[in-house]
Amino acid sequence: MAIEPVNVMEFQQLAREALPKMYYDFYAGGAEDEFSLKENMEAFRRITLRPRVLVDVSRINMSTNILGYRISAPIMIAPTAMHKLAHPQGEVATAKAAAASNTIMVLSFMSTCTVEEVASSCNAVRFFQLYVYKRRDVTAALVDRAERLGYKALVLTVDVPRLGRREADIRNKMVAPQLKNFDGLFSAELESDSGSALEAYANQTLDASFQWKDIAWLKSITNLPILVKGVLTGEDAIKALEAGVSGIVVSNHGARQLDYSPATISVLEEVVHATKGKIPVLIDGGVRRGTDVFKALALGAQAVLVGRPVIFGLAAKGEAGVRQVIETLKTELELTMALSGCPTLKDITRKHVKTEKERLLSML
Ligand code: HOC
């Protein structure tokens, strides 16, 4: 009999059992040595907590505002590609779970359900992820549809000028379905005789010449706020501010792009300091526990986004699995806040965590 998961990590084994190897490997894998894949999680573990006691924690309030949208907790759904590879209901199931948990889903540009299907499936607040294609008209058409359909922000992913080398996908000769969002707009090879078809597709489609100055083009075709996802340095955070974006997502693309890029939690503060509180900073990568969410908030994030655990929940149990993943993280965060003396998110401060560097310095 399948185990009933009591934490988010336990969904991974259920997903492995449920999925064809090619798809499980696609979701679970990272780039090359998978150093950053492990490091995203390990870096959270090296941060310890500094709890305060004898505070009234009889009521805990986790709710927050993201770009003006109220959600139940600072835990959002990251954009991840092709949910129908995990479950027949695909992104519609994920969106329904987001609505039930009262959180925000960022729909992937590479979704297997269309932007229209997801929009009509539920009343979740939805953001839309964006890649800039060489065919700018394709990107512009998707922006236009998303805006008309009530998506509330664009999440421009900037860490994929080319696809990272995901060796499992190359070995498995990863194939992917045709994406319905692009029907009538564009067709590109999603199959390849040698290696990963996704890599071939990405290299055929993505505009690797897109630069900071080109964000002006994106702003000229939309009224939606733009978040830039994939920033890992203070220098680029300043560029993002100068480009006039509405927020930053600190991300290394789930360690699927540049291996040996830093764990996201290890560079969060650098990015937060560079933005001087002018725009919200969110983070994804390696979040598996409520304590991870707490640590990210203590280091200055406004919210976290969760990618692989959502996919594993979807693969294991469909909409209910995604909901269970989000609710488990919320339960853990609520307990962490209570045990740390923080009845509201505002009570979580820098003083509630100790980084590895601080621990080492205090030993000198
Ligand atoms: C346009 C091609 O985010 C992943 C996804 C999809 C990236 C492909 C981009 O697999 O990391």
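**Exercise 1. Work out which way the residues of strand β11 point, and whether they are buried or exposed.**

Step 1: Strand β11 covers residues 303–306; strands here are DSSP runs of E with at least two residues, and helices are runs of H or I with at least four, numbered from the N terminus.

Step 2: Ala303 and Leu305 point one way, Val304 and Val306 the other. In a regular strand, side chains alternate between the two faces of the sheet.

Step 3: All four are buried, that is, under 20% relative accessible area with a 1.4 Å probe and protein chains only (exposed is over 50%, partly exposed in between).

A note before you go on: this is a predicted model, where local features need pLDDT of at least 70 and side-chain atom pairs pLDDT 80 or more, while totals for chains, interfaces and linings use all residues. Residues are numbered from 1 along each chain as its sequence is written, and side-chain values use heavy atoms, without hydrogens and water.

**Exercise 2. Find which strands pair with β11.**

Step 1: Pairing requires at least two DSSP bridges between two strands.

Step 2: Strand β4 (residues 75–77) runs parallel to β11, joined by 3 bridges, and Met76 has Leu305 as its bridge partner.

Step 3: Strand β10 (residues 281–284) is also parallel to β11, over 3 bridges, with Leu282 opposite Ala303.

**Exercise 3. List what Leu268 touches, leaving out residues up to four places away in sequence.**

Step 1: Count a contact when heavy atoms lie within 4.5 Å.
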